[in-house]
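Here's a quick briefing to read alongside the model. Have the sequence and the 3D view open as you go.

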Amino acid sequence: MVAPEEEYERVANPVAVASLLDTLVESGGASLCLEGDSGRPEPVVLMEQHPGETLVLDLSSVDYLLGRLQEGKAFYLVGETQGKVLRTPLLSLTETRRAGGRFLCCSDYPAYLDVLQRRDAFRAELRIGMPVAARVSVPGQEAIHGELRDLSQRGCQLELPMTASGMLATAEGPLDIAFEFPDGTHFEIQALARHQRPDPERNLLRVGFYFGSCSADQERQVWYFVCEIERESARYSKENQEERQPSPLFTSPAGRVGAGEHVGRRDVKRYATPMARRLVKVAAFLDGQMLALQQGSDIDSRQLSLHADRLMDLHEEDRESLLFACRCLSPEPLLVRHGISVAVHLLDLVGAGMPRDVRKAVVASGLVHDLGKALVPQVLFKAAHFEATHRQALSEHVPLVLERLDSCQWLSSGVASAVIGGINERMDGSGYPDGVAGESLNELAKAGAIVDVAEALRRDRSDRPAKTAQQIYRHLLTHSHQFDPRWIKRCVAHFKALPVGALVRFSSEQLAWVLRIDEQGNLEEVQLAASASAPMRDNLGETIRGNVVEKLGRPVSEVAVST
């Protein structure tokens with residue numbers, strides 16, 4: 001619905017314009033409309049403003065319009081904030097640059113804003129104690145569960161787990177959103193994701209959605225929900241608490257107001273072991289950090305330090321439980337679980353005897369070594385044939401993540417350079433980004449390359465299935481021109497033929513995960529598995545300790561499972 005011109009109020013005061021634009025920057029969401037294009041809104045991110053000089057926009061989501069915009073095509077921005085619709089005058093781009101696979105652009109600064117306050121711009125916010133469960137889904141994918149934070153006629157904001165960023169990145173059209181109020185009222189609508197912003201303190205993702213074409217009945221229902229949310233919210237102010245009746249939407253069938261379980265975070269109970277459930281905080285940090293990098297931020301120095309310490313403490317507490325927990329993170333994004341596995345296994349392989357600050361730098365570097373892949377064009381990972389141009393573009397992820405570590409003053413640049421910069425190098429010079437070869441490679445880089453490849457081979461890829469430990473060791477040994485033979489032998493000797501985290505089939509036909517082994521590599525503790533799938537709480541059985549062979553028979557083979 002397009003409002004008549006006379007409904008807008010013009011605001012030209014520079015301080016007021018800057019204040020209103022600040023609220024759009026904080027929300028991260030705005031829409032771009034081309035001049036003479038029937039006002040069709042396209043989602044963009046307003047990143048920052050320099051009052052009186054320029055606006056900085058992330059136009060990655062509308063890169064197909066960049067050609068026209070760079071040629072001088074005029075546009076205006078529209079956004080919602082504080083119950084108002086804001087609209088700029090016609091603007092034009094003044095600068096375009098590409099950074100980490102994103103298009104960051106500058107435009108004129110608006111001399112004024114047109115402001116509209118109307119019903120369909122009014123946004124009702126839910127307070128604590130007003131839980132409304134939300135479900136977001138696209139065909140063929142598992143639904144993501146979260147919580148409604150605010151609602152207007154035009155859209156809503158949801159709190160979702162960090163893992164939702166993967167679904168949002170691949171969604172090509174409207175998503176199905178379902179709300180359920182405490183009284184059981186259920187409502188479904190389609191919406192487009194407009195903007196997303198991580199909340200690292202709470203390990204959540206705030207996502208703004210825009211309702212596209214709504215039926216008249218849906219519009220009436222949404223307005224009813226908006227009014228009832230405001231009605232219930234008003235009860236929470238001290239002066240109104242005694243006077244107002246509760247909204248029926250927020251009264252549970254049992255009569256308890258505000259009933260309902262807080263949702264929006266990971267379902268930690270699904271994870272297989274207590275140690276895996278403790279690892280979730282590290283996974284959530286990396287997940288949020290990946291999104292923050294995509295939005296132009298540096299790596300959070302304080303949070304990286306905190307989670308590197310956390311991982312080292314868990315390792316000192318029970319290294320074998322931590323090694324197995326790395327196999328129990330299948331709900332997490334690939335880059336997240338790979339980073340954790342590399343950090344843990346590299347620490348376990350090389351950390352003995354190192355000073356704590358060096359071990360911490362190794363762990364931190366392992367955690368973030370692949371996050372730069374979130375900054376290169378994602379089409380690279382979908383290419384049917386990996387060509388030289390693809391390889392060159394992919395290699396950019398290394399300097400991209402190193403650049404984002406500038407604020408981590410506590411992190412040894414030598415360790416970061418060796419692990420992050422050297423983990424993809426090879427002994428014969430065939431690696432990237434610099435093609436360093438032979439003895440010019442740092443020892444940490446040589447060890448890191450072996451751990452990195454071993455962890456990658458444990459997971460399915462489009463061109464090959466996951467491999468067992470024996471298959472991985474064989475691959476490394478047959479590629480001794482690329483990997484240091486001394487470190488290959490150390491790796492095999494350290495983790496053993498059937499390492500912690502291997503899934504073994506016994507002569508009794510039982511499947512079990514290896515939890516603990518002795519110095520000779522004999523099985524000391526295993527956990528029965530219901531199937532050859534990644535370990536989760538609902539597919540694990542009894543834990544067998546002591547004489548495993550006597551109870552289950554001899555180990556027949558390792559079963560490859562993508563974890």
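Glu-509 sits in the loop that runs between β17 and β18 (511-517). This is a predicted model, so take the details below as computed from that prediction. The chain contains 16 helices and 21 strands, and 53% of its 563 residues count as buried. Looking at contacts between residues at least 6 apart in sequence, 63% link residues at least 24 apart.

- Glu-509 isn't a glycine, yet its phi is positive, at about 75°.
- With a relative accessible area of 56%, Glu-509 is exposed, because the cut-off for that label is over 50%.
- Lys-496 is another non-glycine residue with a positive phi, near 75°.
- You'll find Lys-496 in the loop between α15 and β17 (503-506).
- Lys-496 has 18% relative accessibility, so it counts as buried; the limit for buried is under 20%.
- There's a cis peptide bond between Tyr-432 and Pro-433, with omega at about 15°.
- Pro-433 belongs to the loop between α12 (413-422) and α13.

**How α13 packs on α15**

- Helix α13 (residues 443-457) packs against helix α15 (residues 485-495) at an angle of about 55°, and their axes are 9 Å apart.
- That angle is why α13 is described as oblique to α15.
- The α13 and α15 crossing is right-handed.
- On the α13 side, the contact is made by Glu-443, Lys-446, Ala-447 and Ile-450; on the α15 side, by Arg-486, Trp-487, Ile-488 and Cys-491.
- Sorted by class, this α13 and α15 contact has five nonpolar residues, three charged ones and no polar ones.

**Nonpolar cores**

- The largest nonpolar core has 98 residues.
- Which residues have the most contacts inside this largest core? They are Leu-279, Leu-304, Leu-311, Ile-340, Leu-367 and Val-368.
- Setting aside neighbours within four places in sequence, Ile-340 is in contact with Leu-279, Val-282, Ala-283, Leu-286, Cys-326, Leu-329 and Leu-367.
- A second, separate core has 35 residues, including Ala-134, Met-167, Phe-179 and Phe-225.

**Ser-341, in a helix**

- Ser-341 is part of helix α8 (residues 334-350).
- Is Ser-341 buried or exposed? Ser-341 is buried, and its relative accessible area is 0%.

**Ser-137, in a strand**

- Ser-137 is part of strand β11 (residues 133-137).
- Ser-137 is also buried, with a relative accessible area of 17%.
- Which residues does Ser-137 touch, once those up to four places away in sequence are left out? They are Ala-143, Met-167, Leu-175 and Asp-176.
- Met-167, one of these partners, is also among the residues of the second core.
- C-alpha to C-alpha, Ser-137 and Leu-168 are 9.8 Å apart in space, and they're 31 residues apart in sequence.

Notes: Residues are numbered from 1 along each chain as its sequence is written. This is a predicted model: local features need pLDDT of at least 70, side-chain atom pairs count only at pLDDT 80 or more; totals for chains, interfaces and linings use all residues. Side-chain values use heavy atoms; hydrogens and water are left out. Axes are lines fitted to C-alpha atoms, for helices over the stretch in contact, and angles run from 0 to 180 degrees between N-to-C directions. Helices (H or I, at least four residues) and strands (E, at least two) are DSSP runs, numbered from the N terminus. Angles under 35 degrees count as roughly parallel, over 145 as roughly antiparallel, 65 to 115 as roughly perpendicular and the rest as oblique. A crossing is left-handed if the near helix is turned anticlockwise from the far one by less than a right angle, and right-handed if clockwise. Contact means heavy atoms within 4.5 Å. Ala, Val, Leu, Ile, Met, Phe, Trp, Tyr, Cys and Pro count as nonpolar, Asp, Glu, Lys and Arg as charged, and the others, Gly among them, as polar. A nonpolar core is a set of buried Ala, Val, Leu, Ile, Met, Phe, Trp, Tyr and Cys residues joined through side-chain atoms within 4.5 Å. Buried means under 20% relative accessible area, exposed over 50%, partly exposed in between (1.4 Å probe, protein chains only).
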